[in-house]
Amino acid sequence: MMHQTIKRDGVETIGDPYLCLEGMNKKYGLVEVISNLNLAVRKGELIALLGPSGCGKTTTLRMIAGLIAPTAGRITVGGRDVTQIAPHGRDMGLVFQSYALFPHMTVAKNVAFGLEMRGLSRADIANKVAKALGMVQLEHLAERKPRELSGGQQQRVALARALVIEPSILLLDEPLSNLDAKLRDEMRTQIRDIQQQLGITTVFVTHDQVEALSMCDRIVVMKGGLIEQVGTPHEIYERPATPFVASFVGRTNRVKGKRTADGCIRIGSSMIRSARPAVQDDVMVMVRPHRIHIDWNAASTEQQGETANRMAAVLSRITFVGDVIQYHFDVGGSEFIVEESTKKSQVSRDQGDKAVLSWSVEDTLVFGADQ
Amino acid sequence: MEENPTSWFMRVTVTILFLFLLAPVLLVFPISFSGDQILAFPPSSWSLQWYEALLGNTVMMSAFLTSLGLATVVTVLSLIIAIPASYAIVRLKVTGSEFLFNLFTAPLLLPTIVLGLAILIIFASMGLLATFTGLVIGHLVITLPYALRVLSVSLGNLNLACEEAAASLGAKPLAVFGKVTLPMMAPGIVAATALCFLVSFDEVVITLFLTGPRMTTLPVELFHHVESQADPLVASVSVLLILMTLAVVMIVDRTMGLTKAFMK
C-alpha cells in the first residue's frame, strides 16, 4: 500500500536533476515574495507551478527566464550556472498568457525571429519554420498577421515560436488562461503531446488545478512564496501534505475533531479513525466528497470491519450539478458534502432524510488544527 | 439597423458646430480668387491674380521655404530626441525620469508669449536671433512636449511581454528595440511626426520674437503683411497654409488611419 512518508519541504532529492533552483529568494523592498525556494526538475519532465494568485509562481518562472533578478539564490541548467546571464543568453522558450506575438510580423516571421537572431541561413530558417508550424497545424496560416488569428491559433503560434529555437527549457506562463473552456482542453492535450514528443523540460505556471493534474509529471504547490508540496498529481491529490494543498487541489470536506486517548478522533458524538495518527489534540479532518458512500437504509452506524468510518447524518440540501449531484449533510453540527454521479433512475431524496455516511480509513486526511 | 432617436438632433448640432468652426477657414478660399484690390467678401470679380502675386512675392516664397525646411528639421530632431527620452522614462525608469518628463512637458503649461520673451533675451546675447539654428531651437521647446507625450503614451500601451519574448528568443537589447519596440511604436511615431510638423509650421508667438528681416517664416510674414496692407494676398497665403496642413493629415490617414494614430 501507499504509506510513503510525505516530504514537507521542497528540498527533494531526485536522480539526474536538469534545472535546479537553489535557495531562491526575491524581495521587493521589505516584502519577500519568494523565500528560500529549492526545486530540482528532471530532464524531459513537465512540472507545474500551481497556486493562487500572488503565491510567487509567476515570479519564480520569470526568475528562471532571467526577466527578474533574484535577490539571492542560484539557477543551474544542466550544471551550467545561468543566474547572472541575461534573458537573451539563456536559451529558454517562453509562452505568455497574452500570447505576446509581434503584431507587425506575419506568423512565419514571428516563428522565424529566434532563428534569425541565431544567424541561421535562410534555407534553414524556412525549413525549421515550416516544421514548427506543421507541429501546431498552422502551415496554412503562415502569411497571416497575428490579429487575423483566433486566440487558440495565436497561442499555437507562440508555442511554435518558442519551440523552434530548440530551447533547453520551455517556460509556459498560464498559456491557457485566455482561451475558452473547449479550446483549453484541446490545447492541454496538444501541449502535452508536443512536450512528450520533443522530450523538452518544461515549467508550467497555472492557477488551474485541473491543468496541473491532467498535464504534468509533477506538481509544485505554492502559497505565499513558499513551496507547500512537490509530488506527482496522484501524490498531491491522495496524500496532500498540508490542509492548504488538500483544499486547493480538488474539493474537500473539512471538519474539526479531537484526538482521544486510544488514537481515534471524535467528531461530535462519532468516533472515526485515520490511516495516519493525529499529531495534535485539536485536529482538522478532511474527506473528499466523492469518496464518501451514502447508505440510505442503514439501521445503525455500527462499525463493519476495520476499514471504514461511519457516521449518522441528516440530509439538509441537494444541489444538482449535471454530471454529479451534491448532497449536503448535517453531521452533529458540521456540514458534509457528498458527491454522487447522477444516474437515469435517481431516487429522489428529501430534506430531513436520514442516512449513514461511510468512507475508508485510507481516505481520511488528518491535519493539526493550527496548520 | 437600430436608429438612435436623438440622432437627428445630434446631426444638426454637429453640423452647426462644424460650420461655426470651419466658416472662417472656408471663407478664405473664395476670397483668394478675388479680382479686387482690397480684402472683402463677397469679391466683386474673380481672378487668379493673388496666386500670381504670391508666386512673384520673393519674401513670401522664401518665408514659405523657410517654414517648410524649419518644420522638417524640427520634426526630425524632435523624434531623434523624444524616442530615446520616452524609452528612458517609460521603460528604463531611470532615477529622476518623472522629474525629467515634467520638465520636458512644462512648456505646454507656460504662456507661450512668456517663453518667447525668455528665449528672445537669451538668444539676443548669443547672436541666435533671426538665424535658422535659433528658430530650430525655439521651435523644439514647443514641439518636444508634444512628441514626448505622444510617444510615452504609445510606448506605455505596448505589451511588455512582446519585448520579453523577443529577449527570450535571443535578441540583444538593441535588437529588441529595433525589431520589436520601434515597429510597434509606429502609430505613435506617425502621430508625433504629424503633430510636430504642424505645430512648427503654424507657430507664430515664439517665432515673432526670433525672426527678423534676414529670416522669417510664413505665418509671421502673413501677420506682418496684414499689419501693413489689406489686400487678398493673405487669403492665398492662408490657402497655402491650409493645404499643407491637410496634406499632413491626409498622409497620416492614408498610412494608418487618424483614429489609430491619435486615439491610442
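View 1. Helices (H or I, at least four residues) and strands (E, at least two) are DSSP runs, numbered from the N terminus. Please keep in mind that this is a predicted model: local features need pLDDT of at least 70, side-chain atom pairs count only at pLDDT 80 or more, and totals for chains, interfaces and linings use all residues. Residues are numbered from 1 along each chain as its sequence is written, while chains are lettered from A and ligands numbered from 1 in the order in which they are written.

**View 2. Residues 58–87 of chain B.** This stretch is 100% helix and 0% strand, with its end C-alpha atoms 43 Å apart. The UniProt annotation "transmembrane region", from an unreviewed entry, covers residues 58–87, 99–123, 129–148, 189–212 and 232–252 of chain B. UniProt positions are given in the numbering used here, feature names are shortened, and annotations may be inferred rather than shown by experiment.

**View 3. Where chain A meets chain B.** On this interface, 18 residues of chain A are in contact (C-beta atoms, placed from the backbone, within 7 Å) with 16 residues of chain B. On the chain A side, β6 (92–95) and α2 (107–117) are the elements that give two or more residues. That side divides into 12 nonpolar, five polar and one charged residue. Ala, Val, Leu, Ile, Met, Phe, Trp, Tyr, Cys and Pro count as nonpolar, Asp, Glu, Lys and Arg as charged, and the others, Gly among them, as polar.

**View 4. The two domains of chain A.** The domain assignment gives domain 1 (17–247) and domain 2 (254–368) of chain A; such bounds come from an automatic or database assignment. Their C-alpha centres lie 40 Å apart. Five residues from domain 1 of chain A and five from domain 2 of chain A make the contact.

**View 5. Around A:Leu171 in the largest nonpolar core.** A nonpolar core is a set of buried Ala, Val, Leu, Ile, Met, Phe, Trp, Tyr and Cys residues joined through C-beta atoms within 7 Å; buried means 20 or more other C-beta atoms within 10 Å of a residue's own, with C-beta atoms placed from the backbone. Of the 108 residues in this core, A:Val111, A:Ala160, A:Leu171 and A:Val220 touch the most other members. Leaving aside neighbours within four places in sequence, A:Leu171 is in contact with residues including A:Leu61, A:Met92 and A:Val203.

Notes:
Two residues are in contact if their C-beta atoms, placed from the backbone, lie within 7 Å. A residue is buried if 20 or more other C-beta atoms lie within 10 Å of its own, exposed if 12 or fewer, and partly exposed in between; C-beta atoms are placed from the backbone.
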